[in-house]
Amino acid sequence: MFRLSVRSCITRLSTAALIVLAAAGSTAQAQTPATPPPTPAAPAPAPATPQAAAPASSSKVFNPDISVIGNFLAVTGKNPLNTAPSLSLTEAELALQAVIDPYATANFFIGVSSEGAELEEGYATFTALPGNLLLKVGKMRAQFGKVNTLHTHAVPYTDRPLMTENLVGGEEGLSDSGISLSHLIQVPAIFLEATAEVYQGNSAVFQTSERSRLNYVGRLRAYRDITESTNLDVGASYAYGPTDVGADLNKRLYGVDVTFRYRPLRRAIYQRLNLRTELTWSRQDLPGALRANAFGFYGLGEYQFARRWYMGARVDRSGRALEADVTDTGGSFFLTFWPTEFSLIRGQYRHIKYAEGHRGNEVIFQLSFSIGAHGAHVF
Amino acid sequence: MKTTLMCAALLLTASAASAQVRVVTTTEDLASITREVGGDKVKVMAIAKGYQDPHFVDPKPSFILEVNRADLLILVGHELELGWLPSLLTSGRNTKVQPGAAGYLDASSNVKILEIPTGQLTRAMGDVHPQGNPHYWLDPGNGRLMAQAIRDRLSQLHPADRGYFEQRYADFDKRLAAAEVRWDAAMAPYNGAKVVTYHRSWPNFMDRFKLDVMGYVEPKPGIPPSPAHTIDLIGEMKRQGVKIIIVEPYFDKKTPQAIANQVGGIVVELAPSAGGVPGAETYITVFDYNVRTLVDALRRARGK
């Protein structure tokens, strides 16, 4: 009778734990109104100044954090395949962020441009799940690589890499309605996170109108501090889903990303270096049991050399999702000035050599400016 | 039922062996005070180093792991960690340390907060903190109140060790009180002396030790020095005879040094946090170091 199998032990314990949790929950609720234990008299602390009397009326206290970020681009030079206008406010992003209840938070990002308003993202994040799980439900940018997850104002250049433009949905990216579940895997000395996502299949990358065909995304991310100033961040991503190329024609995307960061803590506000590369392989089914294979990558180096100044360079190379053996290449230099953390001015020189032989030589200026309270970005 | 109980008993024995409370603090000062009060019943880890600007900390995934495994999270509050703590809390997947839970402690609950802005706030004023200056730990009186809050929360989480935490707190309180007498005596000859600081990190320290902050190297909070402001500051320092410029270890010394050269003054690097400079590793030695260094500089400045 003492021979308990591990499984039965776990089952019994979890049942017991549930009962205990339920009981604890009710006691906790019962105890909430109780006053905290009295503190012994402190040796004459200075009289506390009255805490900031909340100036807002109670109806405003629970309003979400609201911010608007404007993105203005000025483009000069020649590019036969890029029709971006000379001067344009490409987007105003409205962000609304708040806690829903003790179990979840909500984020809405609405992009307004000359083409109208579009819900870029809108999702609830459930932060109180057991088992080291984090659940997101709504419309969101998929966890495929690094640059796909970033909003326009958060990418370190004025455009998106050729790899993104050709293979991963361009500006709009792999962004869709669905469910994302990520799990923190407990291993010593390393951050390991696995994410599984399912989307309806209505994005710039995957398309279907059938309920039975879905877009699946998976990602594994490993991170480790090398020293207090340096770290390495590695990810592998996979996406599979239907496309509108033809009936029952699917696409697979495989991605690998590697980021090295250096930021000396004593000089953290003056100096940092980020090196990043992302590689994507695309496998697109074509009619007649054919398949288009394409590969794209970019390499990015970004260096902060003064409190407000960053410079960087990017190399681009990418095939095209539907055309085999065709490659566009490019390169960019950029310089960014941050007057404060709420605005930036950026200049980028971009050279692209398209597969057809066209060449683009452009200088792009960007002004990005933000008002209101905008939530912190994910590292 | 019997087997369930046995399982539970096994589990309890296992957890009793590692009954230390895992505490994650946002700064080294909170970590130091928690070690003072918690002794060997706590295992403490601080996210921001003392020589790092606590406003700008990368929310690295390694910190997500620490938040994930914590029993208690202690923060400075007053929006000091606004730029990085929320994303660690969301990704930490730990209900024990979410706001409102017993494992979430804002150490500022009963401390003295200065520079609470009144009237309409805009970012034209720089990086102002709407809830007042968050560098409140630099008043030892506030350190005592923070220690009380930590003692009470640790006792709430581990009632069996309440006596231990009370005794550790009483000991810390006694040493802090004795040290305060020492610091006050050392600073007394310089009451009312005027100084310039780089950032607005020191109002509680200056208020406590009766020094007068005449101006700042930053034109506005969080805005780097500008030539026009620096020239104004030099003029005003000369007019008022101010010789001391206090700089946090994470700021560039070039502008402060240039100002000091112009006014015949002294640049003094003080520890804004535990671990900020060598010799200031704990909460009490931060003040030991700062008072000693400042008194020395004030004495030299008088001789100039």
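Q: Which residues of H6(B) are buried?

A: Buried means under 20% relative accessible area with a 1.4 Å probe and protein chains only; over 50% is exposed, and values in between are partly exposed. In H6(B), the buried residues are Phe165(B), Tyr169(B), Phe172(B), Asp173(B), Leu176(B), Ala179(B), Glu180(B), Trp183(B) and Met187(B). The model is predicted: local features need pLDDT of at least 70 and side-chain atom pairs pLDDT 80 or more, whereas totals for chains, interfaces and linings use all residues. Residues are numbered from 1 along each chain as written, chains are lettered from A and ligands numbered from 1 in written order, and side-chain values use heavy atoms, without hydrogens and water.

Q: What covers the buried residues of H6(B)?

A: Their cover includes helices H2 (28-38), H5 (140-157), H7 (203-208) and H10 of chain B. Helices here are DSSP runs (H or I, at least four residues), numbered from the N terminus.

Q: How many Å does H6 of chain B reach from its first C-alpha to its last?

A: Helix H6 (residues 162-187) has 26 residues and reaches 36 Å, close to the 38 Å expected at 1.5 Å a residue.

Q: Which residues touch the most other members of the largest nonpolar core?

A: Such a core joins buried Ala, Val, Leu, Ile, Met, Phe, Trp, Tyr and Cys residues through side-chain atoms within 4.5 Å. Among the 60 residues of the largest, Ile244(B) and Leu294(B) touch the most other members. Helix H10 (residues 283-303) of chain B gives the most to this core, 11 residues. Apart from it lies another core of 21 residues, including Val24(B) and Phe63(B).

Definitions and conventions. Helix = DSSP H or I, 4+ residues; strand = E, 2+ residues; numbered from the N terminus. Expected span 1.5 Å × (residues − 1). Contact = heavy atoms within 4.5 Å.
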